[in-house]
Amino acid sequence: MKKTNNSMCKSLMILTGGKSRRMGSDKSTLPFGRYSVIEYMINKMAPYFDHIYISAANKDQYEAIGLGTGTHHSDDRKNNKKYESPLDRNILEKIEIIPDVYADMGPIGGLYSVLLSAAGEGVCVTAVDTPFVDPVRLINMIPEDRLNTAYCIAKSGDRIQPLIGWYSASCLPVIRLMIEEHDGKMMHLLDSLNGKVLEALEKPVFDGCHIGEFFNMNDRACYYQALDTVRRMEIQIPVVSFAAWSGTGKTTYIEKLIPKLIKKGISVAVIKHDGHDFDIDVEGKDTYRFQKAGAVEVVISSKTKTARIRRQSGDLPLNQLAFDTKSVDLIIVEGYKYGVQPKIELYRKAVSGHLMENLQNRIALVSDTPWQVEVPVFRFDEMDAVCDFIIEKVIGQQSNDNKI
């Protein structure tokens with residue numbers, strides 16, 4: 001598959017319509033790990049798309065879980081409680097709920113409504129009941145000749161996947177005619193337009209998994225299979241983030257903390273979030289040349305180390321990065337202050353006059369100034385005590401005597 005232009009604004013449509021008769025309830029709001037199904041898909045897709053349009057039966061369909069409001073909090077009036085979204089704020093700001101212009105027209109109706117509302121040449125498309133589709137596959141379905149291509153969809157074996165691919169706004173007149181004739185069949189749309197069908201080798205969700213990325217979650221048995229898959233993908237390694245105002249010295253503190261944890265028998269991985277951009281490659285090297293030539297991903301490996309560099313259009317969610325981290329006792333994160341993972345805040349009076357606001361799940365504070373707060377407070381020179389606190393509260397044990 002050819003790589004599309006990186007500078008183009010990329011939009012995604014997630015279809016959530018359907019009566020969910022075989023499921024027995026709205027499949028999009030079913031629990032899925034620490035998310036609902038729709039939140040899981042949004043969280044996975046958001047780093048790769050600039051806009052995410054949720055095709056829904058009505059505008060307030062997801063108001064109770066905060067989608068389309070741009071905020072973390074919403075009132076669940078039905079259950080008389082407040083709901084706090086697990087999605088980062090920058091992800092929530094990408095979401096727009098698009099209600100159906102024509103009711104009961106299935107995917108055709110949803111596609112028409114989104115294409116009518118979305119600014120741009122077209123949208124990538126997936127459905128809420130195919131939660132494991134690879135976002136990179138969707139990006140690579142965007143054709144280079146978008147002006148003369150009405151759609152580009154996947155085909156796996158003998159099965160065409162009309163809801164995995166890309167559709168142009170040029171489809172609108174044909175869809176409108178179909179709606180007027182009460183014809184909601186996607187295959188009739190494909191037959192009426194000039195598009196592309198790309199052969200797609202279905203990949204397993206992860207190595208050793210019997211479920212593939214095109215898995216369709218359309219009844220309770222399939223939902224439980226998908227839920228089991230998600231649980232196996234959940235972060236198994238304890239995570240703790242260090243958050244602080246810029247200039248506080250997060251990197252220096254973590255650099256000094258790592259050897260102390262190692263002395264206590266704790267193996268460590270570090271994930272650092274860069275709020276700007278970075279380039280770890282060297283101009284002229286082979287990997288640099290491969291990237292500049294347009295490779296989506298470049299991997300270099302030797303006897304002692306392996307590096308993987310992958311292009312993307314937004315931040316990857318922490319749980320996805322953590323899932324790819326193996327064989328350590330603890331993952332230390334620098335940044336990702338908006339996640340729900342446990343956080344230790346670092347504070348220096350010379351840098352800021354107040355603690356960080358809206359910091360979810362703060363479990364401790366390291367400070368050069370006394371604070372009356374509801375979490376333990378450590379001085380910067382109390383690193384051994386911080387190590388013991390992490391082992392007890394994050395890893396869940398005082399020592400690693402029984403570690404494998």
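**Reading burial and packing**

Modeller: This is a predicted model. Start with isoleucine 332, which lies in strand β16, residues 330-334.

Colleague: Is isoleucine 332 buried or exposed?

Modeller: Buried means under 20% relative accessible area. Isoleucine 332 has 0% relative accessibility, so it counts as buried.

Colleague: Which residues does isoleucine 332 touch, leaving out those up to four places away in sequence?

Modeller: The contacts of isoleucine 332 include Val240, Phe242, Ile254, Leu257, Ile258 and Leu261. Val268, Ala269, Val270 and Ile271 are also among them.

Colleague: Where is threonine 325, and is it buried or exposed?

Modeller: Threonine 325 sits in the loop between α10 (318-323) and β16. Its relative accessible area is 17%, and therefore threonine 325 is buried. Beyond four places in sequence, threonine 325 touches Ile237, Ala269, Ile271 and Ile331.

Colleague: How many residues are in the largest nonpolar core, and which have the most contacts inside it?

Modeller: A nonpolar core joins buried residues through side-chain atoms within 4.5 Å. The largest one here has 54 residues, and Phe32, Ile42 and Leu67 have the most contacts inside it. Ile42 touches Ile14, Ile52, Ile54, Leu67, Leu87, Ile91 and Ile95, again leaving out residues up to four places away in sequence. A second, separate core has 27 residues, including Leu15, Leu111, Ile175 and Leu193.

Conventions: Residues are numbered from 1 along each chain as its sequence is written. This is a predicted model: local features need pLDDT of at least 70, side-chain atom pairs count only at pLDDT 80 or more; totals for chains, interfaces and linings use all residues. Side-chain values use heavy atoms; hydrogens and water are left out. Helices (H or I, at least four residues) and strands (E, at least two) are DSSP runs, numbered from the N terminus. Buried means under 20% relative accessible area, exposed over 50%, partly exposed in between (1.4 Å probe, protein chains only). Contact means heavy atoms within 4.5 Å.
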